[in-house]
Amino acid sequence: MQVVMMNGAGEVDQLDVVERPVPTPGPGEVLVDVAAAGVNFMDIGVRRGVAWIDVPNPKALGVEGAGRIAALGEGVSGFAVGDRVAWVYVPGSYATQIVAPAAALVSIPDSIDDRIAAALMMQGLTASHFATDFYPVQPRDVALIHAAAGGLGQLLSQIVKLRGGNVIGRVSSEAKVASARAAGADHVIVDRDGDFAEQVLALTNNEGVHVVFDGSGPSTFAGSLEALRRSGTFCWYGPVLGGPEPIDIMSLPRSIKLGYAVFSDHIPTPELLRDRTARLFDWVSRGDLRIEMGGVYGLTDAAKAHADMESRRSTGKLLLIP
């Protein structure tokens, strides 16, 4: 089988596609033929040495995907050979085959194809956590969403709109405005340097937004604080771009609430994983949630997929197809 490995922390030239023996599933595990693997910013963080630093190199990349069960390990129930399944966190998913714990898998309904399922798992569950759990968006709430044209930003915008909220999307270039608007953004701010707060306040009659979803790194932290209304909520996420300077909690303005959101807290059990994923699949099947495929690459083009995502040239979801 083929696997995308990183030889060491660094640039995309650290990635190689190598041949490995097909693994055998152990007790409670299944072997899956991978149909599509999702590319995520956390994968870039791993490649750059920000995450998985306790895992020795070379190591296989990727955590998300969809495919078809090829073999069952001992004691697996609820799945059969030939079933279509998806997963959100199984390390080594940039591969033609992968062994996964059965508890990490969800069944894919007939109405959802493999690529949509793979594209939906991490970013869909993350967006669902942000807008229904971390900050349950209410009708007429106003949300500021950074990177609104990205895969996560587009899904988050749509879920906020499904819950009756309004969206101010921030994008880095004019070329991304159409994607943000297509995902439901009521207003789109074009900004690369973190100078967006004044526009947000103007759009909200100087009241500010109810919630900010910010994974854009330290450059936007001060502006996001300024854009919040009294008792607003700051949802900070995404470690790849780094965090802000240490914060004096007594310096936080306007009684705001600040937290670091991690999607795994949304799905701490297999039952919740399957419940939350079923809701996402249902939204897609009904046409309430749309996935924009920003780029489809072969395994041998994993380095290009990383480069495109890292450069911020891409919009929507990027996939690797074995």
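Me: What is the lining of the largest pocket made of, by class?
Reply: The lining has 27 nonpolar, 18 polar and five charged residues. Here Ala, Val, Leu, Ile, Met, Phe, Trp, Tyr, Cys and Pro count as nonpolar, Asp, Glu, Lys and Arg as charged, and the others, Gly among them, as polar.

Me: What kind of model is this, and how are residues numbered?
Reply: The model is predicted: local features need pLDDT of at least 70, side-chain atom pairs count only at pLDDT 80 or more, and totals for chains, interfaces and linings use all residues. Residues are numbered from 1 along each chain as its sequence is written, and side-chain values use heavy atoms, with hydrogens and water left out.

Me: Back to the pocket. How much space lies in it?
Reply: The largest pocket holds about 1,200 Å³ of space. A volume is the space filled by probe spheres set on grid points, which are joined across faces, edges and corners. On a 1 Å grid over the protein atoms alone, a pocket is an open set of points with protein on both sides within 12 Å along at least five of seven lines; a cavity is a set where a 1.4 Å probe fits but cannot get out; lining residues have an atom within 4 Å of a point.

Me: Which residues lie nearest the pocket's centre?
Reply: Phe41, Met42, Leu152, Tyr237 and Gly238, out of 50 lining residues.

Me: And which helices and strands supply at least two residues each?
Reply: Helix 1 (41-47), helix 2, helix 3 (151-162), strand 10 (166-171) and helix 7. Helix 2 gives the largest share, four residues. Helices (H or I, at least four residues) and strands (E, at least two) are DSSP runs, numbered from the N terminus.

Me: How many cavities of 30 Å³ or more does a search find?
Reply: One, over the whole structure. The largest cavity has a volume of about 50 Å³. Its lining includes Ala119, Gln123, Gln154, Arg290 and Glu292. By class, that lining has three nonpolar, four polar and three charged residues.

Me: Which helix gives the most to that cavity lining?
Reply: Helix 3, with three residues. Helix 2 also supplies at least two residues.

Me: Helix 2 again. At what angle does helix 2 cross helix 7?
Reply: Helix 2 (residues 114-134) and helix 7 (residues 270-286) cross at roughly 105 degrees, and their axes come within 9 Å. Axes are lines fitted to C-alpha atoms, for helices over the stretch in contact, and angles run from 0 to 180 degrees between N-to-C directions. The two helices are therefore roughly perpendicular to each other (under 35 degrees is roughly parallel, over 145 roughly antiparallel, 65 to 115 roughly perpendicular, the rest oblique).

Me: Which residues meet there?
Reply: Among them are Ile116, Leu120 and Leu125 in helix 2, and Leu273, Leu280 and Phe281 in helix 7. The residues of this contact (heavy atoms within 4.5 Å) divide into nine nonpolar, four polar and two charged.

Me: How many bridges join strand 12 to strand 13?
Reply: Five, between residues 209-214 and residues 228-236. In strand 13, Trp236 is the bridge partner of Asp214.

Me: What about the open sheet of three strands, parallel or antiparallel?
Reply: Antiparallel, in the order 2-1-4. Strand 2 (15-19) and strand 4 stand at the edges with a single partner strand each, so one side of each has no neighbour in the sheet. Strand 1 (residues 2-6) and strand 2 pair over five bridges, and Gln2 stands opposite Glu19.

Me: What stands opposite Gly67?
Reply: Val34 stands opposite Gly67 in strand 5, and Gly67 stands opposite Val85 in strand 6. Strand 3 (residues 29-39) is joined to strand 5 (residues 65-72) by seven antiparallel bridges. Strand 5 pairs with strand 6 (residues 84-87) over four bridges, also in the antiparallel sense.

Me: Last one. Which residues does the cis peptide bond join?
Reply: Asn57 and Pro58, with omega about -5 degrees. Pro58 is in the loop between helix 1 and strand 4 (59-60). Trp52 lies in the loop between helix 1 and strand 4 as well, and has a positive phi of about 55 degrees although it is not a glycine. Most residues other than glycine have a negative phi, and most peptide bonds are trans.

Technical notes. Pairing = 2+ DSSP bridges.
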